[in-house]
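We'll go from the whole chain down to single residues, one selection at a time.

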Amino acid sequence: MTRYGCCGSEGTAGIIGSSADEALELVIGLPGWRDYTHLSPDDGEEKILARVTETEDEMREYHGIDEERAELRAALGFPERSPVELVGRLRAALLRTEPDFVLLNAEEGCAYDRLGPAGPPLWETVLAAGRADLARLREGDRTAWWEVAEDPVRRRLTLRAAQFDRAEGDLELLRHLLRHETRSSMTDELRLAAVLGACTGTPVICRCCSRSGTRTSTRRAA
């Protein structure tokens, strides 16, 4: 699906609509929308309307925006929406920019800085799928155990999620995932033994060199 964005002269860009109609309705209804990129519906109607009024009064000194706006809305069949609603739509669109999109400068090929409010940390979005799979595994769904273990991306995200969200009873499912992960090499086995040790808080012996996955080395008994 096409998304419509806008870039600024200072190296910023952001998604402002999921369709041409959505983007046009926004820029027609909020001709000074660039001044509102850090506003939120949580700011309240009074603050939003005061900011919009201030910006549009300045624009009216040089441009006649009211008649033109009404004419464009009528011609395109757009409803008349309140500035508060449009600010909410603008914020929601800008927050959809990342992590789904990277907006690039066509000439230089570099990424623009994101325009608008800061979204949640990228790691939260990346780990969301791993956390969802971890929850399924904890429910004891053995079909899910094999599905996640056989998929390298899901498996590694789930292991990483477990590092941030350790729970009692995770040891068995983590060992199941690690048995699949460590097939690649013994070096990986040592690394993942450290992951398992960090997840569980217990020494985990790596059979390739008899080293523990925790900070305290533990050798296999002879």
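Let's begin with a term: accessible areas come from the Shrake-Rupley method with a 1.4 Å probe, and for residues only the protein chains shown count as cover. By that method the protein exposes about 13,600 Å², with carbon and sulfur atoms supplying 50% of it.

A word on what you're looking at: this is a predicted model, in which local features need pLDDT of at least 70, side-chain atom pairs count only at pLDDT 80 or more, and totals for chains, interfaces and linings use all residues. Residues are numbered from 1 along each chain as its sequence is written, and side-chain values use heavy atoms, with hydrogens and water left out.

**Stop 1: the whole chain**

Show everything as a cartoon. You'll find nine helices and five strands; here helices (H or I, at least four residues) and strands (E, at least two) are DSSP runs, numbered from the N terminus. Trace the chain from the N terminus and the elements go β-β-α-α-α-α-β-α-α-α-α-α-β-β.

Now colour by pLDDT, the predictor's confidence in each residue, from 0 to 100. The mean for the protein is 76, and 65% of its residues reach 70 or more. Select residues 203-222: pLDDT stays under 50 there, and the model has 37 contacts beyond four places in sequence for this stretch (contact means heavy atoms within 4.5 Å). Where pLDDT is low, the predicted coordinates should not be read in detail.

Across the protein, take the contacts between residues at least 6 apart in sequence: 51% of them join residues at least 24 apart. Of the 222 residues, 33% count as buried. Buried means under 20% relative accessible area, exposed over 50%, and partly exposed in between (1.4 Å probe, protein chains only).

**Stop 2: the loop between α1 and α2**

Select serine 40, which sits in the loop between α1 (20-29) and α2. Is serine 40 buried or exposed? Its relative accessible area is 9%, so serine 40 is buried. Leaving out residues up to four places away in sequence, serine 40 touches Ile48 and Arg91.

Next, pick aspartate 43, also found in the loop between α1 and α2. Aspartate 43 counts as partly exposed because its relative accessibility is 29%. Beyond its neighbours within four places in sequence, aspartate 43 is in contact with His38 and Ile48.

**Stop 3: the loop between α3 and α4**

Jump to phenylalanine 78, in the loop between α3 and α4. With a relative accessible area of 12%, phenylalanine 78 is buried. Which residues does phenylalanine 78 touch, not counting those up to four places away in sequence? Show Asp21, Leu24, Glu25, Ile28 and Arg73 to see them. From C-alpha to C-alpha, phenylalanine 78 and glutamate 25 are 6.7 Å apart in space, though 53 residues apart in sequence.

Stay in the loop between α3 and α4 for glutamate 80. Glutamate 80 is exposed, because its relative accessible area is 70%. Its C-alpha atom is separated by 7.8 Å from that of glycine 29, 51 residues apart along the chain.

**Stop 4: the empty spaces**

Rolling a probe the size of a water molecule over the atoms shows where empty space is left. On a 1 Å grid over the protein atoms alone, a cavity is a set of points where a 1.4 Å probe fits but cannot get out, and a pocket is an open set with protein on both sides within 12 Å along at least five of seven lines; lining residues have an atom within 4 Å of a point. Grid points are joined across faces, edges and corners, and a volume is the space filled by probe spheres set on the points.

Start with the second largest pocket, about 170 Å³ in volume. Of its 13 lining residues, select Gly29, Glu56, Arg69, Arg73 and Pro83, which lie nearest its centre. The elements giving two or more residues to this lining are α2 (45-60) and α3 (65-76), and α2 gives the most, with five.

Finish at the largest cavity, with a volume of about 30 Å³. Select its lining: Ile16, Glu22, Glu25, Leu26, Leu86 and Arg89. α1 and α4 (83-95) each supply at least two of the lining residues, and α1 gives the most, with three.
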